[in-house]
Amino acid sequence: MSTTETGNSSTTESAVSGLDYEETQLTLAPPGGSRSELERKRGFSEGVDLSLETKDFLSGSSDEPPKPQVVGWPPVRSFRRNVLKSCTYVKVAVDGTPYLRKVDLEAYAGYQQLLTALEEMFSCFTARTYPNVRRLVDPVNGTEYVPTYEDKDGDWMLIGDVPWKMFVASCKRLRLMKSSEFVDIGCITER
Amino acid sequence: MTYFPEEVVEHIFDFLVSHRDRNAVSTVSKAWYQVERLSRRSVFVGNCYAVLPERVMTRFPGMKCLIVKGKPHFADFNLVPHDWGGFALPWIEAAAHGCPGLEKLRLKRMVVSDESLELLARSFPDFKALVLVSCEGFSTDGLAAIATHCRSLRELDLQENEVEDYGRQWLSCFPDSCTSLVSLNFSCLKGEVNGGALERLVARCRNLRGLKLNRAVSVESLIRILDRAPHLVELGTGSLTVDHHTEAYRRMINAFHKCKSLRNLSGFWDVDPRCLQSVYPVCPNLTVLNLSYAPSIQGADQVLDCIGDRGLVVVASTCKQLRELRVFPSDVYGTGTAAVTEEGLVAISSGCSKLNSLLYFCHRMTNAALITVAKNCPGFVRFRLCILDPGKSDPITNQPLDEGFGAIVQSCKDLRRLSLSGLLTDKVFLYIGEYSARLEMLSIAFAGDSDKGMIYVLNGCKNLRKLEIRDSPFGDAALLENVGKYETMRSLWMSSCEVTLGGCKALAAKMPRLNVEVINEWDESDETEENPSDAHKVEKMYVYRTLTGPRNEAPDFVWTL
C-alpha cells in the first residue's frame with residue numbers, strides 16, 4: 001500500500017507529465033521531494049537512541065552524538081542562551097504581499113522544512129521541486145515564486161545551494177521572488 | 001585609640017574602604033560601633049535575607065550607597081524556582097523611609113518591579129547611580145520613570161537583566177537638561193531605542209565615559225556616536241554586521257582609531273570575525289575584552305573563520321595588558337567543531353601575563369595545559385573553567401584533572417574564586433583545602449568521590465564565604481562534619497547530592513542562626529512525597545546565616561527547617 005510511504009517515482013517522470021506525481025499521492029509525509037522519507041527514518045532512530053544516550057552522558061567523549069541536556073548545564077545564563085539563539089530570526093518578504101513575516105531558521109532542520117513552513121505561512125502556496133530549483137506556486141493564479149535569500153555580503157542568492165547550516169549562518173533575510181523576475185542562468189528547462 | 005575624640009576616630013575610619021574592615025572595627029567597642037555606623041556611607045548586604053531592611057536603615061542613617069544581593073548564584077542556571085524570592089521593593093521602601101539621602105543603589109539577582117523603580121525615582125532627590133545586575137521583573141516603563149525623575153543621574157547600568165520591552169521612548173525621557181550621565185549601559189534591552197534621542201543624549205553629556213549599546217543599535221549609529229564621544233573609556237558596540245569591503249567598515253575603523261581612551265570593549269553582536277580586525281589597533285590599551293557575543297561560526301567554508309584557538313592566539317599577541325577574559329560557547333549543546341580548546345588557553349596565558357580573571361568554556365582541557373597556565377599566570381584572582389562535557393577526563397592521559405587544578409590553586413596564592421569542571425576525584429579538594437587560603441567562592445559540579453572531598457574544603461578554606469555544589473556525591477556526613485563553619489560563610493547550596501532530609505533537619509536543629517531551606521519541586525499528584533521520611537534525599541538545599549529567622553514571605557515550595 002502506498003498510503004504510508006512516499007512515492008519513489010523519479011522526478012523525470014513527473015517532469016514529463018507536467019504534474020508532480022508525488023504530490024497527488026496520498027501520503028502522511030509533508031509534501032515535497034524524495035528527501036522526506038529519509039528524514040522520517042532518521043527521526044525514528046533518534047527517538048530510539050535518546051534513551052540510551054541519557055544513561056551514558058557522563059562517560060562520553062566528544063565523538064559521540066549530541067547529548068540530551070542536563071538542567072542548568074553548561075552553566076550559561078539563560079539570558080545569554082536566549083540572546084545567542086534569537087539571532088536566526090529573519091524577515092520573509094513575498095513579492096506582491098504588503099506585509100512581511102519572520103521565521104526562526106534554527107527551528108528547521110533543513111530546506112524542506114523551511115519551504116514547508118513558508119508554504120503554510122503564506123497558506124496559498126504549494127511546493128514543487130523541479131530538477132534544480134525549488135519553487136512555490138500560488139494555485140489561484142498560477143504565479144510561481146522562487147525562494148531567494150540575502151546573505152551576509154548583501155548578495156541575493158538562490159536557496160538550496162549551500163549546506164543547510166552554512167545557509168542559516170549567512171542568511172539575513174528571505175524573499176519569495178516572482179519567477180518572471182527571476183533569471184536562472186544555470187537552470188535546465190523545466191518542462 | 002579609644003581616648004581619641006570621635007572626630008579623629010571617624011577621620012581614621014574614612015581610610016577604611018572595605019566593608020569587612022568597617023564591620024571589623026565596629027565590633028571593637030560601643031563607642032567605635034557608634035562612630036562607625038554614623039559615618040558609614042556604603043553598605044553591602046550579601047544576602048537580602050540575612051538581615052531586615054529596616055534594621056540596616058536604622059543602623060546606618062547616613063548611608064549613601066546600598067548594595068544588595070538576592071537569589072543564590074545557581075539561579076542563573078535555572079536551578080532555583082522562578083518565584084523563590086529576592087524582592088527589591090522592601091529595600092527601596094525602607095530606604096525611602098530611613099535614608100532619603102541615598103545616592104546609589106546596586107542590586108544583583110533580585111526581582112525589581114516597575115513599582116519599585118517608580119518609588120526609587122521619586123524618593124531620593126540626590127539619586128545618582130542605579131546598577132541592576134541579573135535582575136528581572138521590570139520593563140522599559142520603569143526605566144522611563146528613572147530617566148524622567150532622577151535629575152542628577154550619573155550612572156544607569158543594566159547588566160544582563162530580563163527587561164520587558166514596551167517601546168523605544170524611555171530613552172527620550174531623559175530631559176534636555178540632563179547632562180550629567182557618566183555611564184550608560186542598556187546592552188540587555190532587546191528592543192530598539194530612539195536613535196536620535198540617543199545621539200543627542202551622548203552629545204550633551206560631555207562627561208560620558210562608559211556607553212554600552214544594545215544589539216538593536218546599528219553600525220551607522222555607532223559611528224555617529226563615536227564621532228561625538230571619542231573620549232569613551234568603556235564601549236559596548238551594538239550589532240556589528242558590516243562587510244569589511246564596505247565604506248561603512250572603513251568609517252567604523254576610523255571612528256575606533258579616534259577613541260584613544262578605550263580600555264574596555266564588549267558587544268560585537270553578529271560580528272564577522274574579519275571585522276574584529278578593526279579592534280586590534282585599539283588593543284594595546286585594552287584591559288578588558290568581552291567576546292561573549294561574538295559568534296564562532298561553524299562551517300566548511302574557509303572564508304568563515306572562527307574566533308577559536310587561532311583568534312585567541314591573536315588576542316594573546318596583541319592584548320598584552322589584558323586582565324580579564326571571558327570566552328563563552330556559541331554552540332551550547334552541539335558537539336560541532338570545537339571552538340576553543342586547551343591550546344587557546346595556553347596561548348592566552350603566555351601572551352597575557354597580567355591576566356587575573358578568567359571565564360573559559362571549552363570542549364577539552366589537559367592537566368599539562370593547566371599546569372602551564374598556572375606557571376604563566378600566578379596572579380589569577382578568579383579562575384572559572386567549564387569543560388562542556390560533565391566529568392570529562394584529560395583527553396591525552398585519560399586522568400582526572402586533579403593535578404591541573406591543584407597546580408592552579410598552588411600557584412595562584414591570591415585566588416578568590418574558583419569554578420571546577422571535568423573529571424575530578426577527592427584529591428582536587430585536598431589540594432584546594434590545603435592551598436587556597438584566600439578562596440572565597442567555590443563552585444563544584446559533577447566532582448568528587450566521597451564525603452571526604454567536601455570535608456577537605458570545609459576544614460581547609462579559611463576564608464570560604466560561598467560554596468555551591470551540584471551533582472556530587474556529598475552526603476549528610478560531609479554536611480554535618482563542621483556545622484560551625486556555616487556561620488562564618490554567607491551561604492551553602494547543594495543540589496542533586498546525597499544529602500537527606502534527616503541531615504538537613506539535624507543541621508537546622510544544631511544551628512538556629514542558619515536558615516536551612518529545602519526547595520521542593522515535587523509533583524502535587526505524587527502522594528508519597530507529602531510526608532517524606534528523613535531518609536529521603538533532598539533535591540535542592542540552600543543554607544545561609546541570618547539574623548531574621550525564617551522568612552515570612554517564602555513560597556510554599558520552600559521549607560525552612
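**Figure 1. Strands β17 and β18 of chain B pair in parallel in this predicted model.** Five bridges join β17(B) to strand β18 (residues 466-470) of chain B; two strands count as paired if DSSP finds at least two bridges between them. Look for Ile444(B), whose bridge partner in β18(B) is Ile469(B). Helices (H or I, at least four residues) and strands (E, at least two) are DSSP runs, numbered from the N terminus. Together with helix α16 (residues 451-460) of chain B, β17(B) and β18(B) make a right-handed β-α-β unit. Right-handed here means that, with the strands pointing away from the viewer, the path from the first strand over the helix to the second runs clockwise.

**Figure 2. Strand β16 of chain B also runs parallel to β17(B).** Three bridges join β16 (residues 417-419) to β17(B), and Arg417(B) has Met441(B) as its bridge partner. From β16(B) the chain crosses through helix α15 (residues 426-435) to β17(B), in a right-handed β-α-β crossover.

**Figure 3. Strand β17 of chain B is largely enclosed by the rest of the structure.** Five of the five residues of this strand (residues 441-445) are buried, where buried means under 20% relative accessible area, exposed over 50%, and partly exposed in between (1.4 Å probe, protein chains only). Met441(B), Ser443(B) and Ala445(B) point one way, while Leu442(B) and Ile444(B) point the other way. In a regular strand the side chains alternate between the two faces of the sheet.

**Figure 4. The largest nonpolar core has 95 residues.** Such a core is a set of buried Ala, Val, Leu, Ile, Met, Phe, Trp, Tyr and Cys residues joined through side-chain atoms within 4.5 Å. Leu66(B), Trp91(B), Trp170(B) and Phe174(B) have the most contacts inside it. Helix α10 (residues 247-257) of chain B gives the most to this core, with six residues. Apart from it lies another core, of 72 residues, among them Cys362(B), Tyr431(B), Ile455(B) and Tyr486(B).

**Figure 5. Here are the neighbours of Trp170(B).** Contact means heavy atoms within 4.5 Å. Not counting residues up to four places away in sequence, Trp170(B) touches several residues, including Thr140(B), Leu143(B), Leu156(B), Phe186(B) and Val193(B).

**Figure 6. Glu342(B) is a buried residue of helix α12 in chain B.** This helix spans residues 342-351, and Glu342(B) counts as buried because its relative accessibility is 8%. Leaving aside neighbours within four places in sequence, Glu342(B) is in contact with Arg364(B), Met365(B), Thr366(B) and Ala369(B).

Figure 7. Most residues other than glycine have a negative phi, and most peptide bonds are trans.

**Notes.** Residues are numbered from 1 along each chain as its sequence is written, and chains are lettered from A and ligands numbered from 1 in the order in which they are written. In this predicted model, local features need pLDDT of at least 70, side-chain atom pairs count only at pLDDT 80 or more, and totals for chains, interfaces and linings use all residues, while side-chain values use heavy atoms, with hydrogens and water left out.
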